[in-house]
Amino acid sequence: MKPIVYNGFPLMMETETDGYIYGEITDHFNFDYEEDESCTSGDGFVQAPDGSRAGIIWGVEEEPYLSVCIESEEDRWGVYNVGFVKPIKTIDDLIFNFKTVLPLIKGAYNSAKFDK
């Protein structure tokens, strides 16, 4: 059995869309934000419907984007730089961002060369 990468980090089940789920590495919600502050960058991962995973390094950008940081490997289908369109302060912000980039994530998954 292949090792499960990002083991020990929580899946944010509220983000589940079409079988894809965002996993949290950077804790977006336990920072001591002031009223106008929010999280503008972080690390996470995405779990595909088959249970395989890829890393995400995200920052806030004007337009959603995805680019390859590390190609697919034996234990994951890559690591990607991702542009979220809004800072994260609430779970609704995370869900919105995840759904906005999900078409790009699906494309990366379908293009990844790994043992699916």
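1. Residues are numbered from 1 along each chain as its sequence is written, and side-chain values use heavy atoms, with hydrogens and water left out. Because the model is predicted, local features need pLDDT of at least 70 and side-chain atom pairs count only at pLDDT 80 or more, while totals for chains, interfaces and linings use all residues.

2. The structure holds 7 aromatic pairs. Rings of Phe, Tyr and Trp (its six-membered ring) pair if their centres lie within 6.5 Å; planes under 30 degrees apart are stacked, over 60 edge-to-face, and the rest tilted. One of the pairs joins tyrosine 20 and tyrosine 109, edge-to-face, at 6.1 Å centre to centre with 80° between the planes.

3. This pair links distant parts of the chain: tyrosine 20 is in strand β2 (residues 20-24) and tyrosine 109 in helix α1 (residues 91-111), 89 residues apart. Helices (H or I, at least four residues) and strands (E, at least two) are DSSP runs, numbered from the N terminus.

4. Buried means under 20% relative accessible area, exposed over 50%, and partly exposed in between (1.4 Å probe, protein chains only). Tyrosine 20 counts as buried because its relative accessibility is 6%; tyrosine 109 counts as buried at 10%.

5. Ring pairs also connect Tyr20, Trp77, Tyr80 and Tyr109 into a cluster.

6. Cysteine 69, in strand β5 (residues 65-70), is partly exposed at 40% relative accessibility. Not counting residues up to four places away in sequence, cysteine 69 touches Ile57, Val79, Tyr80 and Asn81, where contact means heavy atoms within 4.5 Å.
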